Amino acid sequence: MDTALEIAGMKLFLSTPFEYEEVREFCPFHVISAEIDKNISIRFCPVRRPIGRDENGKQGERYCLIEQNGKRYLGYRIYNKHCHAWMESDENSVICYYLEDSVKYFPTERQVFYVVCLEHLLNLHHGFILHSSFIRWREKGILFTAPSGTGKSTQADLWKKYEQADILNGDRSALRLVNGVWRAYGLPFAGSSDIYRNESCPVRAIVVLRQAKENKLEQLRGGMAFRLLYQQLTVHPWDEAFVKRLLDDLQSLVEQIPVYRLSCLPDQGAVEVLKQELLKS
């Protein structure tokens with residue numbers, strides 16, 4: 001089964017020897033294969049025996065790093081228990097090996113992409129996934145980030161209501177450095193927000209939220225901005241190469257993009273205090 005997609009500005013050509021169900025959230029990311037010029041090839045290949053031993057990482061983690069015969073593989077644990085698939089990759093090519101009897105675990109496009117591991121592909125292309133609600137306002141991106149339940153979706157909805165902003169994703173956003181510019185992208189993963197738009201724009205600001213009894217905005221700089229954003233990234237801490245690339249890219253982001261902390265109420269005042277700051281420049 002062959003599928004062409006564009007996700008976070010990366011053009012992907014996926015080929016599998018098995019059929020899977022296409023799901024609604026991935027449909028906006030499908031493209032005509034003839035439109036793909038520079039692409040990343042992703043191939044699934046069956047194997048009869050496991051590759052290496054999945055000793056890296058904690059047992060409850062979905063992925064682990066496996067090194068065998070001088071090669072590095074990203075192992076995928078089915079139900080976070082044992083590896084049934086292994087990914088070998090570089091910037092332009094991905095091979096996903098899987099046990100022949102494990103096809104039953106990949107019935108939909110979503111499960112197939114769990115094996116591919118989107119955050120790993122982004123990591124190879126100056127990008128990462130930020131836990132955030134992503135809106136577009138005046139052709140620029142604003143990303144609201146915070147732990148679950150803090151009010152990311154609420155602030156996005158307020159900007160839609162009072163400023164006619166577009167909500168491009170309600171729970172996950174990809175950020176990539178493209179030609180020297182940080183861009184944010186909607187993703188086919190959006191939690192309960194049910195917003196899956198394949199659109200992007202340059203990043204104007206990233207806003208770290210916390211609930212408060214009054215609306216107050218402060219700009220974060222240096223280590224504080226770095227630390228708070230790192231807490232909301234999808235990270236493979238057991239993969240040193242992954243972490244090094246991510247840290248370098250995150251440092252670039254906080255040096256180029258303003259990061260704010262918004263202590264806020266769920267009201268129009270929170271919109272206004274951020275809006276006035278953004279209009280200054």
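1. The residue A8 sits in the loop between β1 (2–7) and β2 (10–15), where helices (H or I, at least four residues) and strands (E, at least two) are DSSP runs numbered from the N terminus. The phi angle of A8 is near 55°, a positive value in a residue other than glycine. With a relative accessibility of 0%, A8 counts as buried; the word buried stands for under 20% relative accessible area, exposed for over 50%, and partly exposed for what lies in between, with a 1.4 Å probe and protein chains only.

2. A note on the basis of these remarks belongs here. This is a predicted model, in which local features need pLDDT of at least 70 and side-chain atom pairs count only at pLDDT 80 or more, while totals for chains, interfaces and linings use all residues. Residues are numbered from 1 along each chain as its sequence is written, and side-chain values use heavy atoms, with hydrogens and water left out.

3. On which strands does β7 pair in the parallel sense, and over how many bridges? The partner is strand β3 (residues 40–47), and the two pair in the parallel sense over 7 bridges, two strands being counted as paired if DSSP finds at least two bridges between them. Within this pairing, F44 stands opposite C96 in β7.

4. Strand β7 also pairs with strand β6 (residues 82–89), to which it is joined by 5 bridges, and these two strands run antiparallel.

5. S132 lies in strand β8 (residues 127–137) and is buried, with a relative accessible area of 0%. Its side chain is joined to that of S173 by a polar contact of 2.9 Å; such a contact is a pair of N or O atoms within 3.5 Å, of which, within protein, one must be able to donate a hydrogen and the other to accept it, and residues adjacent in sequence count only if both atoms are side-chain atoms. When its neighbours within four places in sequence are left aside, S132 is in contact with several residues, among them L143, F144, K152, N169 and S173, contact meaning heavy atoms within 4.5 Å.

6. E25 is found in the loop between β2 and β3 and is buried, with a relative accessible area of 7%. Leaving aside its neighbours within four places in sequence, E25 is in contact with R110, P188 and Y196. E25 and P188 are 163 residues apart in sequence, and yet 5.3 Å apart in space, C-alpha to C-alpha.

7. E25 forms a salt bridge with R110, the closest N and O atoms being 2.2 Å apart; a salt bridge here is a side-chain nitrogen of Lys or Arg within 4 Å of a carboxyl oxygen of Asp or Glu. Because E25 lies in the loop between β2 and β3 and R110 lies in helix α1 (residues 109–116), the pair ties together parts that are 85 residues apart in sequence. R110, at 24% relative accessibility, counts as partly exposed.

8. The structure holds 14 salt bridges, and another of them joins the side chains of D248 and K244 (3.2 Å, N to O). D248 and K244 both lie in helix α5 (residues 240–256), 4 residues apart, about one turn of the helix. D248 counts as partly exposed at 45% relative accessibility, while K244 is exposed, with a relative accessible area of 55%.

9. In helix α6 (residues 268–278), the residues A270, V271, L274, K275 and L278 are buried. Seen down the axis of α6, these buried residues fall within an arc of 125°, so they line one face of the helix, the arc being that of the directions from the helix axis to the C-beta atoms. What covers them includes β8, β9, α3 (152–163), β13 (200–211), β14 (216–220) and β15 (259–264).
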